[in-house]
Every structure is written in structure tokens, then in C-alpha cells.
Amino acid sequence: MNEAIVTENLTKVFGNFTAVNELNLRIEHGVCVGFLGPNGAGKTTTIKILTSMLRATNGNAYIEGVDVGINPKEALGRVGSVVETPEFYPYLTPVETLTYLGKIRGIASNQLLERIEHVIGEVKLQDWKDKRIGKFSKGMKQRLAIAQALLHEPPILILDEPTTGLDPRGMVEVREIIKLLKTEGRTIFMSSHLLFEVQEVCDKVAMINKGQLLTYDEIEKLANLAEVVKVEVQILSPITPEQVKAIQDFNSVKNLVVYQPHLFVVELEGREPEKAELLANIQNVEGISVTSFRAVGTALENLYMSMISDSI
Ligand SMILES: Nc1ncnc2c1ncn2[C@@H]1O[C@H](COP(=O)(O)OP(=O)(O)OP(=O)(O)O)[C@@H](O)[C@H]1O
Ligand SMILES: [Mg+2]
């Protein structure tokens, strides 16, 4: 079978600005992919082309082998999407909204009610299905947006920053729903600025900058590539300039920042063995008693920072 999402030399030019620049992506079926990149990298533009909201200037995008530029209707039938904050009529209820959207999408009326019940269950809005949307929190509206994306049973789900703008509880709820949808074998392609979220929810990462792909791989593999570790160290007595100098001189220490007299962060080139060596070395510095020693930032974060800065 064709891959879930393919882009070939996909390019989008706005005036004289190239937002997506010969992007080549091949997303297989059944994976959950985090689409990462700094502001303006071209994530939303790519997603809008994949969901037929924008036309590519050059190149092609395919959903399960269907060219979205040539056959947008068929391609759209295979995708559910949530792009930017969706607006719903505040005086309608979820059931009314989904009924109306289902009719527009041509879902047979004898199946529609059952589908609506099912997707409302998937996003856990059962208790709210007959309440007016005007009373809903942002998180509930986002869940409804996911429900509408699932209405026609698409094998592929594309979400642009699904948790942005939600409060912590709303974020957790949406993440839990995405994790659940993942277990049902769907392909999920979601942009995010939250690296820990991508690490928690996704299997793979596609990283872009300036409209070009930097890497596409499994998170575990990428995390193993990271060669910089940050360690936060707390000590009993305030650190002295001599002690700072002694630590900076250790092998593999790249940087040391003192945040408080009792707290500093060491940037280390290396992995676990170098971390162990650092701890032993710090404990040997005269006058230092370590009360806490822990890695901060994730491997994915460190890799992201180094890849993005290399591509600037
Ligand atoms: N309709 C448009 N007209 C002109 N420029 C645009 C248009 N849409 C997007 N751009 C530009 O294209 C670039 C890529 O935008 P895009 O929204 O795809 O980035 P993004 O990766 O989604 O960023 P963010 O993380 O901030 O959402 C930006 O520099 C943006 O200003
Ligand atoms: Mg965007």
C-alpha cells in the first residue's frame, strides 16, 4: 500500500518568500509523528497543503497515494484535520454540529448518529453532547474539533499544534485522547512546539527549518544521537570562584552557569559515562558537598537546539 503521507519537492512561495522549500517527506502507515520546527519553519503551510487549504507552488503531496493537488476531494476523505483554532457556532450543541458537518461530508444518515456517538465517546464529551458549545472551555472545543476530524473515519489524522492555548488540564486531556487514537492504528501527524509532548506522545519526529526537512527518524534513535547533556547540581555551601574554575577545567565540561550560590548547571559533552565522571570529579573538589545531581532538559531538546542552530 502507498505510504500515508508523501511530499515530493513540495514548495510554497508567498510573493518572493519561500515558506516550504522542496520538502521531501515519507510517512508510513500507523505511526504517530511529531512535526517540529521553530516559528515560521513552514509547518502550518505544509499542513494546509496536505489538507487542501492551500495549493502548492511546486512539487506534490500525496495522501495514501492520492495527489492532493489533482484529486483534493478523494485525498480529504482519507484525512481528518484540526488546523488552527476551530470556531463552532456557539448556539449549537456537539451533536447538532457534528450532524451538520456529517451531512456536508456526505455521511449516510443511517450511519451518522452512530458515528457521532462513537466520536463523542472517543473525545470524552458524552456528558456535554447536548449542551451549547458557547459554554465550552477551549479544551472542550479542541476535543470537539478532534471529534469532527474523526467523523468520517479517516485513517490519517493531521493536527496543527493540538494543545497550544489550552490550560494544563486541557493539554493533558487532549494528549490522552491522541494517545488513545494512536492505539487504534491511525497515522497521526501533529505539529508541536513542546518537545516533551512530542517525546511523550509520538513515535517519530520530522524536524524542519526554513521549509526543509532536517531529519525524520524514531525518537529513540534521535535521542541517542544527542551528545550534550545538561546537569543541574545543588551543593551545600555557596560555590566559590575557585570551585567554578576547577569544574570548568574538567574534561568534557563545555559550560557552567551559576544560577544561585547553591545551584549551577553544567553542560557536558558526552553521555552517561561522562555524567558519572563529572559527579565523581565534583565531589572531589575541595569544599563541595553535592546535595542533588540531575540531568535537565531532554535528549530531544538538546538535539533540536543543535540541529536548528546548525541550519541557521
Ligand atoms: N498567507 C501568507 N502570506 C505570506 N506569508 C505567509 C503566509 N502564510 C505563511 N507565511 C509565511 O511563511 C512562513 C512559514 O509560516 P508557517 O505558518 O507555515 O510556519 P510554522 O512553522 O507553522 O510557524 P509557527 O510555529 O509559528 O506556527 C512564515 O514566515 C510566514 O510568515
Ligand atoms: Mg504554525
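This is a predicted model: local features need pLDDT of at least 70, side-chain atom pairs count only at pLDDT 80 or more; totals for chains, interfaces and linings use all residues.
Of the 312 residues in the protein chain, buried ones make up 34%, where a residue is called buried if 20 or more other C-beta atoms lie within 10 Å of its own, exposed if 12 or fewer do, and partly exposed in between, with the C-beta atoms placed from the backbone. Residues are numbered from 1 along each chain as its sequence is written, and chains are lettered from A and ligands numbered from 1 in the order in which they are written.

Taken along the principal axes, the C-alpha atoms of the protein chain fill a box of roughly 80 × 45 × 35 Å. The secondary structure comes to eleven helices and 14 strands, these being DSSP runs numbered from the N terminus, with helices (H or I) of at least four residues and strands (E) of at least two. If we call two residues in contact when their C-beta atoms, placed from the backbone, lie within 7 Å, then among contacts between residues at least 6 apart in sequence, 68% join residues at least 24 apart.

Let me turn to the domains. The assignment, which is automatic or comes from a database, gives domain 1 as 5-218 and domain 2 as 226-310, and the C-alpha centres of domain 1 and domain 2 lie 40 Å apart. Nine residues from domain 1 and six residues from domain 2 take part in the contact. On the side of domain 1 that touches domain 2, helix H7 (195-201), strand S9 (204-209) and strand S10 (212-218) each supply at least two residues, and H7 gives the most, with three. By class, that side of domain 1 has six nonpolar, three polar and no charged residues, counting Ala, Val, Leu, Ile, Met, Phe, Trp, Tyr, Cys and Pro as nonpolar, Asp, Glu, Lys and Arg as charged, and the others, Gly among them, as polar.

Staying with H7, we find Val 201 in this helix, and Val 201 is buried, with 22 other C-beta atoms within 10 Å. Leaving aside its neighbours within four places in sequence, Val 201 is in contact with Cys 32, Arg 175, Ile 178 and Lys 179. Of these, Ile 178 is 23 residues from Val 201 in sequence, with a C-alpha to C-alpha separation of 7.5 Å.

Now to helix packing. Two packed helices are described by the angle between their axes and the distance between the axes. The axes here are lines fitted to C-alpha atoms, for helices over the stretch in contact, and the angles run from 0 to 180 degrees between N-to-C directions. For helix H5 (residues 138-150) and helix H6 (residues 168-183), the axes come within 9 Å and cross at roughly 15 degrees, which makes H5 roughly parallel to H6, given that angles under 35 degrees count as roughly parallel, over 145 as roughly antiparallel, 65 to 115 as roughly perpendicular and the rest as oblique. The contact is made by Lys 138, Gly 139, Gln 142, Arg 143 and Ile 146 of H5 together with Arg 169, Gly 170, Glu 173, Val 174 and Ile 177 of H6, and these residues divide into three nonpolar, three polar and four charged.

H5 also packs with helix H3 (residues 94-104), at an angle of about 30 degrees and with the axes 10 Å apart, which makes H3 roughly parallel to H5. Here Pro 94, Thr 97, Leu 98 and Leu 101 in H3 meet Leu 144, Ala 147 and Gln 148 in H5, a set that divides into five nonpolar, two polar and no charged residues.

What about helix H1 (residues 43-50), and how many of its eight residues are buried? Seven of them are, so H1 is largely enclosed by the rest of the structure.

Finally, a word on backbone angles. Most residues other than glycine have a negative phi. Ser 52, which follows H1, has a positive phi near 60 degrees. Lys 210, in the loop between S9 and S10, has a positive phi near 50 degrees and is partly exposed, with 17 other C-beta atoms within 10 Å. Ser 252 lies in the loop between helix H9 (241-248) and strand S12 (253-260), and its phi is positive, about 65 degrees.
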